Amino acid sequence: VIFTSGSTGKPKGVQVPHRAVTNFLLSMSKEPGIAATDNLLAVTTLSFDIHVLERDTPVIVGGKVVVASRETASDGELLANALLDSKVTVMQATPSTWRVMIAAGWKGSKQLKALCGGEAFPRDLIQQLIDRVGSLWNMYGPTETTVWSTCHQLRDAEGPIVVGRPIDNTQTYVLDTELQPVPVGVPGELYIGGDGVTHGYLNRPDLTSKAFIADPFSGLPDTYIYKTGDLVKYHLNGDIEYIDRLDNQIKLRGHRIELGEIEANLSRHPSVDQAAAKVHELQPGDQRLVAYLKLNSGTAINISEVRKFLRTSLPDYMIPQFIVEMQSFPLT
């Protein structure tokens, strides 16, 4: 049983069967790939389900696990030194941890396979990491479907940032509110089925019945798919692009708007480093859509040109009324 806060902040115990973990580990050993010759630096706390990959995958293939202390794992300079001293070939971390290392002056290693997950992967960080490592992987998955459910090797920071395709014995479905598959390129909610689906929440049948529903596609009895609450869309080649959490959806002037969809399209502009979209109420009843942009160093931008760029991929009601340039974004 491993606990997850989810979007409510109230911990829920997810019951993970051993079969699901076995399937996960065997799949990870093949892709992204961990071999007997690898040294993996484990930096994740045991209360975070992704530690399972770090602790067990090298062991089942005959590789080596180097366990970083909490002090080392939270200090960019100490972490960079540990990578060098232990001749590490694989490391998994959240975007925040990779940023801490880069900020501490880490120059990277072309011998390193870098796995990144647990948070949305910012485009600027992708570019910084690609230049520093041998290979870079975007990992995606909720605790309820056993650590990672999809993965994708990122080769550049251009174009959409995708989370890839399902791992072994895993199925993904992009569905509308009636549980019908949506066409390629159309946003919908991601549902996950297969061997990674867990037994639901410990002593919470109410929550389990809402999130784990009978699988309408497998044709097998007693099989379930997990309702992720994530808004995604399929690409023609089968890759999945993560857009945003569905609970980040807003309604403005009668239209349902996905703020993540606006942010994703803004981020594709060659001059934009980071983007955020919000709704502001200028006065009671007068809500406006606002976009905030942080530009790449040395670039300038024309606001009308940005709106023209957005109109190639978004309807008019999703075009921000105000676009604000920022020098930096506030970070926690």
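1. A residue is called buried when its relative accessible area is under 20%, exposed when over 50%, and partly exposed in between (1.4 Å probe, protein chains only). By this rule helix α6 is mostly covered, with six of its eight residues buried. Helices (H or I, at least four residues) and strands (E, at least two) are DSSP runs, numbered from the N terminus.

2. This is a predicted model, in which local features need pLDDT of at least 70, side-chain atom pairs count only at pLDDT 80 or more, and totals for chains, interfaces and linings use all residues. Residues are numbered from 1 along each chain as its sequence is written, and side-chain values use heavy atoms, with hydrogens and water left out.

3. The buried residues of α6 are Arg123, Asp124, Leu125, Ile126, Leu129 and Ile130. Their cover includes α5, β6, β7 (133-140), β8 (150-154), α8 (259-267) and β17 (272-283), where contact means heavy atoms within 4.5 Å.

4. Asp124 in α6 counts as buried because its relative accessibility is 17%. Its side chain makes a polar contact of 2.9 Å with that of Arg99. A polar contact is a pair of N or O atoms within 3.5 Å; within protein, one must be able to donate a hydrogen and the other to accept it, and residues adjacent in sequence count only if both atoms are side-chain atoms. Leaving aside neighbours within four places in sequence, Asp124 is in contact with Arg99, Asp273 and Gln274.

5. Helix α5 spans residues 95-103, and Pro95, Thr97, Trp98, Met101 and Ile102 are buried in it. These residues lie on the same side of α5, because they cover an arc of only 165° around the axis; the arc is that of the directions from the helix axis to the C-beta atoms. An α-helix has 3.6 residues a turn, so residues three or four places apart point the same way. The cover over the buried residues of α5 includes α3 (70-73), α4 (76-85), β5 (90-93), β6 (109-116) and α6 (123-130). Just after α5, Gly105 has a positive phi of about 100°.

6. Leu175 belongs to strand β10 (residues 170-175). Leu175 counts as buried because its relative accessibility is 2%. Not counting residues up to four places away in sequence, Leu175 touches Gln180, Pro181, Val182, Gly188, Glu189, Tyr191, Phe217 and Ile225. Thr312 is 137 residues from Leu175 along the chain, and their C-alpha atoms are separated by 25 Å.
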